[in-house]
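I opened the coordinates to see what could be read from them. My entries follow in the order in which I looked things up.

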Amino acid sequence: MTAIAMQNSGTIKLVLLVSLLASAFLSAAGDGAIPPRRNLIIDTDLFSDVDDAGAIMLAATSPSVRLLAVNVNHPSSYSVLAASALLAHYGHPQTPVGARRPLTAAAFFDSWFFELGEYASKVAYRWSGGTLPWGHAENSWDPVALYRKVLSEAPDQSVTIASIGFFENLSGLLNSSADIYSTLSGPELIAAKVSELVVMGGEYPSGYEFNFWGDNSSLAAHVVNEWKGPIVFSGFELGANVKSGGPLMAEGPENDPVRAAYIYYTYNTSRASWDPLTVLYAMGGLGELFEYGNTNGYNHVVANGSNSWVFDDAIRNQHWLRLRVAEEAAAAELDRLFLKGAWSVPDQVASMESGHFDQHFSSLPPDRLAAM
Ligand SMILES: [Ca+2]
């Protein structure tokens with residue numbers, strides 16, 4: 001290359017750079033303000049599977065979400081305290097936590113496979129914080145009161161609810177009547193405020209899945225069969241073979257509670273991704289990863305908790321999700337977001353600045369580094 005060519009090449013690069021910067025600036029200015037955050041409430045069991053912890057981290061670290069509340073639908077005090085601990089760690093120490101009553105001191109024991117470990121009590125103790133520090137589970141909100149308060153304060157049609165466990169809290173909301181927060185009944189309040197209910201539960205188009213039968217199947221039937229607004233279902237088949245958490249366990253910050261939870265629970269084995277995929281949809285809609293599996297009809301749950309899809313051309317506000325991408329690609333996206341979320345916490349940034357960052361990222365493959 002001659003000197004003139006090099007000079008021209010450099011000039012062209014400079015012009016390109018300036019025009020790229022200008023177009024980026026104009027694009028940002030033309031788009032106006034940052035898109036509004038989506039109001040989200042998570043209803044989680046956070047007990048017998050660790051994927052709830054991953055799901056909560058996704059929402060708590062997403063710049064596109066305003067996490068209004070977390071309701072816990074398992075009665076273990078440890079689940080309640082772990083929810084508070086996670087929220088505090090990821091920068092939401094004031095986010096209210098509700099819990100069904102009566103609370104118990106139950107700890108998870110894997111009596112199915114005898115291979116999974118307990119995590120909720122350990123996270124609750126080691127990362128104690130937020131509105132419910134260790135020993136203060138009884139200070140949690142009544143979940144129905146919390147739903148009614150948060151919904152009544154939210155703009156109309158602005159709230160997404162992600163249900164990633166059992167149904168006692170949502171059934172209670174449906175049964176609720178006027179109180180100090182709102183003159184509306186439960187169904188009226190839902191109709192006014194909730195834009196979408198996203199449910200991890202069931203199999204599609206039909207099946208028999210744990211979230212519907214594992215606690216109180218009649219309450220699952222109550223919520224699914226009586227909910228009038230839009231519902232999107234994430235079935236057993238959606239997340240069963242999407243195995244995530246491996247990179248978080250291998251490469252996440254040592255002080256990250258969700259990394260620790262996955263290690264306590266799986267002993268360093270990637271885990272099915274039912275709840276993280278459900279919350280990912282609740283946060284961002286169909287996006288690149290999801291599509292609807294049906295065009296019409298509704299889900300029906302019977303008393304034992306089994307479900308079947310009833311195809312009905314007149315019903316258009318219920319769908320079940322399918323992946324648009326390979327299961328490995330969905331897992332890779334979750335793993336990218338897990339790592340991004342874990343490293344977004346200021347404490348981790350501080351440790352990155354003190355040298356841990358270089359040590360950590362020098363071990364990452366280039367494609368993962370670029371993706372962050
Ligand atoms: Ca769950």
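This is a predicted model: local features need pLDDT of at least 70, side-chain atom pairs count only at pLDDT 80 or more; totals for chains, interfaces and linings use all residues.

Entry 1, a loop residue. I began with leucine 46, which is buried because 32 other C-beta atoms lie within 10 Å, where 20 or more would be enough. Leucine 46 sits in the loop between β1 (38-44) and α2. I checked the backbone there and found phi near 45°, a positive value in a residue other than glycine.

Phenylalanine 114 belongs to the loop between β3 and α4. Is phenylalanine 114 buried or exposed? I counted 7 other C-beta atoms within 10 Å, so phenylalanine 114 is exposed.

In the loop between β3 (97-99) and α4 (120-126) I located proline 102. Arginine 101 and proline 102 are joined by a cis peptide bond, with omega about -5°. I also looked up tyrosine 204 and proline 205, joined by a cis peptide bond with omega about 10°. Proline 205 lies in the loop between β5 (194-200) and β6 (206-208).

I recorded 16 helices and 11 strands in the protein. Of the 372 residues, 49% are buried. Contacts between residues at least 6 apart in sequence join residues at least 24 apart in 82% of cases. The average pLDDT is 89, and 84% of the residues score at least 70. Residues 1-30 have pLDDT below 50, and this stretch has 1 contact in the model beyond near neighbours in sequence. Residues 351-372 also stay under 50, with 10 contacts beyond four places in sequence. I left both stretches aside.

I took helix α2 (residues 51-60) and helix α14 (residues 327-343), whose axes are 9 Å apart and whose packing angle is about 65°. Their crossing is left-handed. Which residues of α2 and α14 meet? I found Gly54, Met57 and Leu58 on α2, against Leu337, Phe338 and Gly341 on α14. The residues of this contact are 4 nonpolar, 2 polar and no charged.

The largest nonpolar core has 107 residues, and Ala59 and Leu86 touch the most other members. Helix α3 (residues 77-89) gives the most to this core, with 9 residues. I listed the contacts of leucine 86, leaving out residues up to four places away in sequence: Ala53, Ile56, Met57, Ala60, Val123, Pro257 and Val258.

Why is helix α13 (residues 274-284) largely enclosed by the rest of the structure? I counted 10 of its 11 residues as buried, which is the reason. Trp274, Asp275 and Tyr281 are among them. After α13 comes glycine 285, with a positive phi near 75°.

Asparagine 307 is in strand β10 (residues 306-310) and is buried, with 27 other C-beta atoms within 10 Å. Among its contacts, beyond four places in sequence, I noted Gly202, Glu203, Phe212 and His300. Alanine 221 is 86 residues from asparagine 307 in sequence, yet their C-alpha atoms are 8.7 Å apart. I followed alanine 221 into helix α9 (residues 217-226), where Ala221 is one of the buried residues, along with Leu219 and Val223. The buried residues of α9 pack against α6 (168-175), α8 (210-213) and β9 (298-301).

Technical notes: Residues are numbered from 1 along each chain as its sequence is written. Helices (H or I, at least four residues) and strands (E, at least two) are DSSP runs, numbered from the N terminus. A residue is buried if 20 or more other C-beta atoms lie within 10 Å of its own, exposed if 12 or fewer, and partly exposed in between; C-beta atoms are placed from the backbone. Two residues are in contact if their C-beta atoms, placed from the backbone, lie within 7 Å. pLDDT is the predictor's confidence in each residue, from 0 to 100. Axes are lines fitted to C-alpha atoms, for helices over the stretch in contact, and angles run from 0 to 180 degrees between N-to-C directions. A crossing is left-handed if the near helix is turned anticlockwise from the far one by less than a right angle, and right-handed if clockwise. Ala, Val, Leu, Ile, Met, Phe, Trp, Tyr, Cys and Pro count as nonpolar, Asp, Glu, Lys and Arg as charged, and the others, Gly among them, as polar. A nonpolar core is a set of buried Ala, Val, Leu, Ile, Met, Phe, Trp, Tyr and Cys residues joined through C-beta atoms within 7 Å.
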